[in-house]
Amino acid sequence: MCWLQAKRARDPEDTIDVLAGNRHGQQLFLANMSSSKNGHRPHPRTRRRIHRPRHSPTTADSDQATSLAPNQQDLFTPRPYEQSVRRYGFGDPPTETVAERLGKLVAEHGARHGWSQHITTQAHIGTRVLLAMRGHDTTSIRTSEVDELIPLGLSARPVLDVLAGADLLVDDRTAPVRIYFERQVRDLPDPMLRELRTWFAVLHEGSTTAPRSKPRAPGTIKSRILWALPHLRTWAEQGHHSLREISRDDILDVLPAGGTPRAGVGGALRSIFSTLKAHKVTFTNPTAHMNMGNYERPIPLPANTDTVRTLMNVADPTAAALATLIVFHGLSSAELRTLRQTDLRDGRAYLGNRIVPLAEPVKAQLRRYLDYRHQRWPGSINTHFFVHYLNTGSDRPVTSNWINKRIGMSPRTLRQDRILDETIATGGDMRRVCDFFGVVMATAMHYATVLDHPSFTDEPRPSKT
């Protein structure tokens with residue numbers, strides 16, 4: 001019945017007579033007829049007060065509730081996350097057995113890795129939504145399927161960790177460096193494109209057959225693509241469809257005169273042609289026996305004293321601990337990332353093959369950071385010294401970008417300033433610089449060259465502490 005018709009046909013103290021209301025047909029209430037634009041003035045609504053008899057629990061009622069509660073069993077097994085899953089527009093998983101199995105894995109993984117209740121709940125909801133989206137009960141789950149949770153506003157990382165820990169995850173994601181490579185070379189001729197894909201496969205995946213090679217870092221591959229790509233496009237515009245057509249004269253035409261540009265372009269082209277020649281894709285290597293020069297190393301410059309002093313006294317305990325470790329002991333970004341809690345003991349930092357005594361200001365900042373960490377993530381099982389909210393439930397280290405954002409600048413700037421201070425203070429003692437900072441002799445000699453610079457005098461530099 002129309003709600004307005006029912007309201008008019010209903011006796012105030014009686015129930016609705018459905019038969020009487022439908023005897024002469026139904027009058028459907030049209031939309032917007034009760035609008036204020038039509039002169040309708042609704043009556044103010046009054047909340048009806050329901051008078052319930054006051055009843056104080058008696059002793060018999062309490063005894064009955066106490067006697068029934070321990071022995072009362074549910075007719076159906078409760079599913080606490082069922083309604084939460086349906087809010088995302090999906091029903092129940094196709095097989096409740098698989099859902100219960102994954103739910104048990106989530107609970108065990110969360111308890112073992114010290115997850116908070118919020119992360120555990122998100123993982124439970126994510127696994128049930130994932131099973132409902134898939135529509136089948138195969139336990140092997142692809143990473144691309146888990147990534148479909150992200151557009152829904154669900155976190156995919158806890159679900160990935162649970163599935164990977166249970167060996168149920170099949171990683172089918174395309175590497176970001178491969179996507180970057182395909183986007184950069186897509187406008188090149190087909191023969192040249194096939195040759196470059198062979199080169200990329202060798203660098204990205206390595207080669208287990210002769211000539212054997214190890215995979216290169218994604219940053220190295222991107223750097224070589226950036227150096228070589230403009231000249232590859234130039235050759236394509238000149239009518240070269242394959243790298244087999246490139247001669248030594250073509251290399252000399254595009255090779256810069258010297259310095260870092262020559263070393264970068266020459267190194268990238270040599271990598272391409274030597275790899276293709278070794279794997280019998282091209283007949284010759286036009287870059288063979290060609291001098292490509294060396295990269296130019298800039299003169300080390302000191303950091304701003306006020307900036308360094310501000311970083312060491314910042315309110316954020318994490319940023320202060322990172323800054324003091326770099327300013328006093330010159331730790332690199334890689335050393336900060338891989339630093340474990342057990343590497344800092346007995347007032348020393350054990351960094352691979354060297355042991356560094358910690359300064360008192362550093363100890364104070366590290367104690368402050370540890371208090372903050374134990375208060376913020378008391379159940380974290382991550383053995384790394386520096387953690388954040390995304391990796392506390394795993395043993396993954398922090399990233400270099402996280403360190404840069406945390407201190408507001410590159411750690412290389414502070415490390416370079418610290419090595420420069422030590423070089424000047426010791427009068428160019430290269431052995432001491434190598435032992436203290438873990439650098440090679442060539443790096444120590446490079447820092448020693450600043451001693452002959454006219455801007456450095458015998459006057460002491462202002463202290464940053």
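**Briefing on a pocket, helix contacts and backbone**

The lining of the second largest pocket divides into 6 nonpolar, 8 polar and 3 charged residues, where Ala, Val, Leu, Ile, Met, Phe, Trp, Tyr, Cys and Pro count as nonpolar, Asp, Glu, Lys and Arg as charged, and the others, Gly among them, as polar. This is a predicted model, in which local features need pLDDT of at least 70 and side-chain atom pairs count only at pLDDT 80 or more, while totals for chains, interfaces and linings use all residues. Residues are numbered from 1 along each chain as its sequence is written, and side-chain values use heavy atoms, with hydrogens and water left out.

**The second largest pocket**

- The second largest pocket is lined by 17 residues, of which Arg297, Arg412, Arg415, Gln416 and Tyr447 lie nearest its centre (a pocket is an open set of points on a 1 Å grid over the protein atoms alone, where a 1.4 Å probe fits, with protein on both sides within 12 Å along at least five of seven lines; lining residues have an atom within 4 Å of a point).
- Two or more lining residues come from each of helix 18 (400-407), helix 19 (411-425) and helix 21 (441-448), and helix 19 gives the most, with 5 residues (helices are DSSP runs of H or I with at least four residues, and strands are runs of E with at least two, numbered from the N terminus).

**Helix 19 with helix 20**

- In helix 19, Arg415, Arg418, Ile419, Glu422 and Thr423 meet Arg432, Val433, Phe436 and Phe437 in helix 20, contact meaning heavy atoms within 4.5 Å.
- By class, this contact of helix 19 with helix 20 has 4 nonpolar, 1 polar and 4 charged residues.

**Helix 15 with helix 17**

- The axes of helix 15 (residues 317-329) and helix 17 (residues 360-376) come within 9 Å and cross at roughly 155°, the axes being lines fitted to C-alpha atoms over the stretch in contact, with angles from 0 to 180 degrees between N-to-C directions.
- That angle makes helix 15 roughly antiparallel to helix 17, a term that applies to angles over 145 degrees.
- The residues of the contact of helix 15 with helix 17 divide into 10 nonpolar, 4 polar and 1 charged.

**Backbone features in loops**

- The peptide bond from alanine 210 to proline 211 is cis, with omega near -5°, and proline 211 is found in the loop between helix 10 (190-205) and helix 11 (218-237).
- Aspartate 167, a residue other than glycine, has a positive phi near 60° and is found in the loop between helix 8 (157-165) and strand 2 (169-170).

Note on methods:
Angles under 35 degrees count as roughly parallel, over 145 as roughly antiparallel, 65 to 115 as roughly perpendicular and the rest as oblique.
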